[in-house]
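Thanks, everyone. Let's take a quick walk through this one. Please have the sequence and the model up on your screens.

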Amino acid sequence: MIRAGLQRLASVFNNQGGILSRLITQNAPAQHQPIADTTKDVITTCNKLIEEKSHRNFAIIHLLGKQWRVTDGDLLVVEGYWPPNIGDKITLDKVLLAASKDFSLIGRPLVQPGLVTVTATIISKGLSHTRTHFKKKRRKQFMRINFQKAQQTILRINNVDIKNNINDAPKNVF
């Protein structure tokens, strides 16, 4: 019974040239442009979109061992000790990806320096909520309760700015 089903299936592929060949012959041939022209067109289109600034930009940044997706006006709560003081304006340089609604700039692993600028302001520094660690071993009369608070820094992302110089020679910023 299984063998008969496999034979019918094999005859379908043998008689009609297979599903893949049917799909290939039904579709019209694609127009091929040289790769150099295509990349120039993409770069000019992205530069025009950056000039218009019609959409909100976002970026994925690397900050204190974690990756964050940020846009204009976002608040980040970063845990652990961090030296900047309240009111300091900082530039977040490790940008992994920058994008808008219509295009994306992906770094390998970072986007080229000077192409994307993410600025932020330190809003507050303080301690987190109290975390409770409760340990107990049953039938051993062992119980421990530990309380922990971690240092936190709250950042406000001022802006994510993509410069209009895609495909220019990189500048040594670092």
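Salt bridges, then. This is a predicted model, and the count in it comes to two salt bridges. Side chains of opposite charge can pair when their charged atoms come close.

Take Arg131 and Glu79. Their side chains meet in a salt bridge, at 2.7 Å from N to O. Where do the two partners sit? Arg131 is in strand 8, residues 131–137, and Glu79 is in strand 3, residues 75–79. So the pair ties together parts that are 52 residues apart in sequence.

Buried or exposed? Arg131 has a relative accessible area of 28%, so Arg131 is partly exposed. Glu79 comes to 38%, and therefore also counts as partly exposed. The band for that label runs between 20% and 50%.

Now the other pair. Lys163 and Asp161 join through their side chains in a salt bridge, at 3.1 Å from N to O. Lys163 is partly exposed, with a relative accessibility of 31%.

Next, the fold around these pairs. How many helices and strands does the protein have? Three helices and 10 strands. The run is α-α-α-β-β-β-β-β-β-β-β-β-β.

What about contacts along the chain? Consider those between residues at least 6 apart in sequence. Of these, 68% join residues at least 24 apart.

On to burial and surface. The protein has 174 residues, and 25% of them count as buried. Its accessible surface comes to about 13,100 Å². Carbon and sulfur atoms hold 54% of that surface.

Last topic, the inside. How many cavities of 30 Å³ or more does the structure hold? One. The volume of this largest cavity is about 90 Å³.

Which residues line the cavity? There are 11 in the lining, and nearest the centre lie Leu49, Ile50, Lys53, Asn57 and Ser100. Two elements give two or more residues to that lining: helix 3, residues 35–52, and strand 10, residues 151–162.

To recap. Two salt bridges, with Arg131 and Glu79 linking strand 8 to strand 3. One cavity of 30 Å³ or more, with 11 lining residues. That's my tour, and I'm happy to take questions.

Terms used
Residues are numbered from 1 along each chain as its sequence is written. This is a predicted model: local features need pLDDT of at least 70, side-chain atom pairs count only at pLDDT 80 or more; totals for chains, interfaces and linings use all residues. Side-chain values use heavy atoms; hydrogens and water are left out. On a 1 Å grid over the protein atoms alone, a cavity is a set of points where a 1.4 Å probe fits but cannot get out, and a pocket is an open set with protein on both sides within 12 Å along at least five of seven lines; lining residues have an atom within 4 Å of a point. Grid points are joined across faces, edges and corners, and a volume is the space filled by probe spheres set on the points. Helices (H or I, at least four residues) and strands (E, at least two) are DSSP runs, numbered from the N terminus. Buried means under 20% relative accessible area, exposed over 50%, partly exposed in between (1.4 Å probe, protein chains only). Contact means heavy atoms within 4.5 Å. Accessible areas come from the Shrake-Rupley method with a 1.4 Å probe; for residues, only the protein chains shown count as cover. A salt bridge is a side-chain nitrogen of Lys or Arg within 4 Å of a carboxyl oxygen of Asp or Glu.
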